Amino acid sequence: MKQFLEGSFAVAEGAKLCKPGVVSAYPITPQTHIVERLADFVATGSLNAQFVNVESEHSAATVVLGACAAGVRVFTATSSQGLIYMSEVLFNIAGMRFPVVMVCANRALSAPINIWNDQQDAVSLRDSGWVQVYAENNQEALDFVLQAYKLGENPKIMLPIIVNMDGFILTHGMETVDVPANELVDKFLPPYKAPYKLDVENPMSFGLLGDPTVYIETRYALHKTLEDCLSMIPQVGKEFEATFGRKGLDLVELYKVEDAKTVIVAMGSVCGTIKDYIDTQREEGKKIGLLRIVSYRPFPKEKVYEALKKIPKVLVLDKSISLGSEGPLYTEVKSVFANKKPKVSGFVAGLGGRDITIETIKDMVDISRKKEVRCEFLGLRPELLKEDFYVGI
Amino acid sequence: MSESDNGHFEEYMFVSGHTACAGCGQSLAARIVADCAGKNAMVANATGCLEVFSTKAPESAWRTPWIHSLFENSSALASGMEAALRYLGKIDNTRVIAQGGDGGTADIGIQALSGMLERGHDVLYVCYDNEAYMNTGIQRSGLTPLTASTTTSPLGAKMHGNWRNKKPLIEICAAHFIPYAATASVGYIQDLQRKVKKALSIRGPKYIQIHVPCPLGWGHDSNLTIDIGKSAVLCGLYPLVEYEFGKLANVFKVPTPKPINDYVKAQSRFKHLLKDEAALKSLQEVANKNIEYYGLNK
Ligand SMILES: Cc1ncc(C[n+]2csc(CCOP(=O)(O)OP(=O)(O)O)c2C)c(N)n1
Ligand SMILES: [Mg+2]
């Protein structure tokens, strides 16, 4: 049903349609309306969930972790300081492989304290192991929530997901959105069936101490599964489209890139503005296009390469800054085109205390003699990389 | 445990094979808590010695569902588990236990603990009080007793061990007007079992703080764990009390409290007290105040 809603209420409707059993969040501008609306749903009985009024974001993230570990679908939302305050728990959730879904109303970080929009909060957590997608408008934000559960709860994936929406611009902006019918959502998203959980009938231990003999394999598995999402995200998007009749999730969106001489790269709501600009420029015969990054984690390097390899000029627009370096999106886009001279290979080793020995260094050099690699893990124990660590689709 | 005992072994919820030190009071207390709770319980554990020595991947000493997330959030983790069980309609026949050390409870985790108590979750929180951050090498916590030397309250010309008294955490918890808050000791196993069972029979938030001697951190022989636990109670330094809905409901009487001398003598963390009369007196004062405040000898 079409409704004229502010973005916060649109994603709250989206979350409600997914029927989470436990919702927990903490107030922070500009996220607050999302959790207020969910509290309202619970209060009026239109959402049958436990609403846990926590004392902090650290606890909000932990409550949804605990509930998800007990086998229940969960939802949380936050912003800015709240997200950073949660960050310890967010790394933990990803490491434990629970499909928590969160909406982040993107906002600047203090100091100076500032409630307005940029994307520094979520971008700063890019290495946490969460899938991160960025919505351009309120319809997408709502739709991404449904698709986030579909993706994360896939037993081959089991990853947490942040649906990012720009604070105020989307959260407080009114747009007409189509709120899908319950039956359609139920068809698209069956109830969560946890492949592992806290259960007195089948006692298991979670969150064990992973010493140097096992830790790096857990990181490898997370990394590989995030890479698997490069194929799973478009697949979920296609299923979404088949059910709801409008375009679903994808890794990137190409807007008038085909014949473009200049392409802008950006994420989130600013892409709407950029598209308007492109349209007016095109009327004047200026060949400009847009590459919108929808999935920031995993980062779709290949899509970016394919889209931009013949474009003479690329402009990357960041709404965050890696202080002391440059815009993080710029770094990543540029890295895709670093295949010229000198050849730069990338290796990962020594995570969690795994020894880096002379042998490791020798392996690294040997591999580089045979091929150019981007993210090669050294010294893995293949016997550990079975389903225990959730790797491979 | 012999092969023939396997059937019996099945009844234990926290089993041997873990890597706790010899004489670890915490491992003993944790076993008692887990066994009292039985099969229909799940545990949220804070980071600390207990978590580290009981679950080194791929092994686990736990036969109940068990989860560890971080250092300061076991209360919130248990809150989420409880909310999920409530949603699933399973809360009436599943007990939820959150647990952590004195540091994870009284210091870094006190906010999450207070939140859990205030929200009224049906969770038993167990604090294993070995009176310092043991897992990271014996640093002072808010529950380290006055005068005790630790690696961050060392002895020197300008510092003579811990300069503050224990945080009154039991009163802080009781002040949330929760149905049950109690202190216990591994020195008194039956009393501990009774309190855990009682707590688990009550709906709503409960708190139990268990005194658990730590041979390594306190510097005592590993065969003395139980004796030292008893000794702390009998000199008034560790009063065993029960609060119901914020009111003191029961105290473990100590008709003729002993001077603290024997208690401190057995532990190297207090060894300086044997030469420093003023310090010894200041700790004796703490015991005296406890005796008076709780009416231990009345
Ligand atoms: C946020 C955070 N800060 C610090 C630590 C390091 N740390 C791990 S366990 C621990 C001390 C635990 O002390 P306590 O809670 O008393 O438990 P014990 O080991 O004594 O049983 C510390 C400081 C951590 N893991 N996380
Ligand atoms: Mg301790």
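Between which chains does ligand 1 lie? Ligand 1 lies between chains A and B. Before I go further, please note that this is a predicted model, in which local features need pLDDT of at least 70 and side-chain atom pairs count only at pLDDT 80 or more, while totals for chains, interfaces and linings use all residues. Residues are numbered from 1 along each chain as its sequence is written, chains are lettered from A and ligands numbered from 1 in the order in which they are written, and side-chain values use heavy atoms, with hydrogens and water left out.

I begin with the two chains. Chain A has twelve helices and 16 strands; helices (H or I, at least four residues) and strands (E, at least two) are DSSP runs, numbered from the N terminus. The radius of gyration of chain A, 21 Å, is close to the 21 Å that the globule rule gives for 393 residues, so chain A is as compact as a globular protein of that length. That radius is taken over C-alpha atoms, and the rule is 2.2 Å times the number of residues to the power 0.38. The C-alpha trace of chain A spans about 70 × 65 × 45 Å along its principal axes.

In chain B there are twelve helices and eight strands. Here the radius of gyration is 19 Å, close to the 19 Å from the globule rule for 298 residues, so chain B is as compact as a globular protein of that length. Its C-alpha trace spans about 60 × 45 × 35 Å along the principal axes.

I return now to the ligand. Ligand 1 is surrounded by 18 residues, each with a heavy atom within 4 Å of it. The closest are Gln26(B), Cys49(B), Gly103(B), Gly104(B) and Met134(B). The largest share of this shell, three residues, comes from helix 5 (residues 102–107) of chain B. By class, the shell has six nonpolar, nine polar and three charged residues; Ala, Val, Leu, Ile, Met, Phe, Trp, Tyr, Cys and Pro count as nonpolar, Asp, Glu, Lys and Arg as charged, and the others, Gly among them, as polar.

Which atoms does the ligand approach in Asp102(B)? An oxygen atom of ligand 1 is 3.0 Å from an N or O atom in the side chain of Asp102(B). For Cys49(B), a polar backbone atom is 2.9 Å from an oxygen atom of the ligand. A polar backbone atom of Met134(B) is likewise 2.9 Å from a ligand oxygen atom. The protein covers 78% of the 590 Å² of accessible area that ligand 1 has on its own, by the Shrake-Rupley method with a 1.4 Å probe.

Notes
A polar contact is a pair of N or O atoms within 3.5 Å; within protein, one must be able to donate a hydrogen and the other to accept it, and residues adjacent in sequence count only if both atoms are side-chain atoms.
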